[in-house]
Amino acid sequence: MASQSKQLQEILDSQPSYRRKQVEHAWFDITINGYDEISTLPKEFREKLMVIPWNSLEVHTALQSKVDNTRKYLFKLIDGNMIETVVMGRKNLKDDAVEGAPDRYTICVSSQAGCPMKCVFCATGKAGFKRHLSAEEIIDQYRFAQRLLAKEGARVANIVMMGQGEPLLNYEQVKRALSVILANTDLGETKITVSTAGVPAAMNKFLTDEDFPPVRWALSLHSAIEETRQQIMPSHKKGFLEWLVKWAEDYHRRFPSRTHFIGFEYIMLSGINDDEKHLQALITLCKKIPYFRINLIPYNRITDEARPHETINTDGFQLFDRTPPELITHWHEELMKAGFTTTVRYSQGQDIAAACGQLRNKAE
Ligand code: SF4
């Protein structure tokens, strides 16, 4: 964790607990632009806080899509590490039909600088792990987007923890960040999705952790066949899929509401996990699990235009072929026929579509 976060915690720990709440509340007040402006705090306490930066993120690179207003930010943290955050334009949602209602955006937030999970299709995994983010650094990604969008009369409507890192390896800081965001904004718990590659110890801990907000979960499944999952996700542990069925039962016993469906993310890699055998394996697995949704993700192949057939890109990052659209449609239809709610995610901001981690890898 960055030393500024530790320093902030030390200052807050020396105060009564309501002072911490006042500070956290002020972070989300867009009319306040520094600790010296928090008028509810005594002057000497404000002076102590002035050694801490008001926001821990500095914009290193900003890209804006001309297609759908999606923006991608590469932030430099105070210790020089880099993280990515995406602000995804999402208009035409049902309740945006109210005249004058602000445009609503989803933000994709990072939980670690780098990631130790090493998924073979992911540029962040390729670059390796740097460190966990502090709760403040996670919160600051929300605060950055909140202030950016407020200037445009828009707001953050959803948070997905699908940026860099495995959130469950940074369990306590993620838990604290989400708790603070929920306590100080109008976001509901089911407007937040934590996405994991699958960390059984932390997933079990969550089931009995009354303090972890009851947000939604998404699991990066990517294959319902153990051998294939192991091949593309080296963090996969033998027996995980069988364990997942049991965990999902326990999860739904604790959260019986249908709004707490589990999202299964499935990135489609041609010739790797997209044949009939894999489709049938997914159907068989899903039949054992109640309340889930499947999200098929077309692979985002980023190559140099001059080297379109390479299997390794200029960063030394392994490339796969894209599953043809008609095969994705076939999967979609078969999964729907099997009775499963299934969507195909076409990534937003196609014209700035550097895959997760590539912006950071280039900058570093
Ligand atoms: S896909 Fe997610 S969990 Fe896997 S290496 Fe990339 S950031 Fe980590």
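**Packing of helices and strands in a predicted model**

User: Which residues in H6 do Ala-135, Ile-138, Ile-139 and Tyr-142 in H5 meet?
Analyst: Helices (H or I, at least four residues) and strands (E, at least two) are DSSP runs numbered from the N terminus, and residues are in contact if their C-beta atoms, placed from the backbone, lie within 7 Å. The four named residues of H5 meet Gln-173, Val-174, Arg-176, Ala-177, Val-180 and Ile-181.

User: What kind of model is this, and how are its residues numbered?
Analyst: Residues are numbered from 1 along each chain as its sequence is written. Local features need pLDDT of at least 70 and side-chain atom pairs count only at pLDDT 80 or more, while totals for chains, interfaces and linings use all residues, since this is a predicted model.

User: Is H5 parallel, perpendicular or oblique to H6?
Analyst: Helix H5 (residues 135-150) and helix H6 (residues 171-184) have axes 8 Å apart and pack at an angle of about 40°. This angle is what makes H5 oblique to H6. Axes are lines fitted to C-alpha atoms, for helices over the stretch in contact, with angles from 0 to 180 degrees between N-to-C directions. Angles under 35 degrees count as roughly parallel, over 145 as roughly antiparallel, 65 to 115 as roughly perpendicular, and the rest as oblique.

User: How many residues of the contact of H5 with H6 are nonpolar?
Analyst: Nonpolar means Ala, Val, Leu, Ile, Met, Phe, Trp, Tyr, Cys and Pro; charged means Asp, Glu, Lys and Arg; the others, Gly among them, are polar. In this contact 1 residue is polar and 1 is charged, and the number of nonpolar residues is 8.

User: Which residue in S7 is the bridge partner of Ile-107?
Analyst: Strand S4 (residues 104-108) and strand S7 (residues 155-161) run parallel and are joined by 5 bridges. In S7, the partner of Ile-107 is Ile-159.

User: At what angle do the axes of H7 and H9 cross?
Analyst: The contact involves Pro-200, Met-203 and Leu-207 of H7 with Trp-243, Trp-247, Asp-250, Tyr-251 and Arg-254 of H9. Its residues divide into 6 nonpolar, no polar and 2 charged. The axes of helix H7 (residues 200-208) and helix H9 (residues 240-254) come within 10 Å, and they cross at roughly 20°.

User: Which helix lies between S10 and S11 in their β-α-β unit?
Analyst: Strand S10 (residues 262-268) pairs with strand S11 (residues 292-298) in the parallel sense over 7 bridges. Met-268 has Pro-298 in S11 as its bridge partner. The unit is right-handed, and its helix (residues 276-286) is H10.

User: Which residue in the turn of the S1 and S2 hairpin has a positive phi?
Analyst: Strand S1 (residues 58-64) and strand S2 (residues 71-76) pair in the antiparallel sense over 6 bridges. Gln-64 has Arg-71 in S2 as its bridge partner. The hairpin has 6 residues between the strands, and the positive phi of about 70° belongs to Asn-69.

Methods: Contact = placed C-beta atoms within 7 Å. Pairing = 2+ DSSP bridges. Right-handed = clockwise from strand over helix to strand, strands pointing away.
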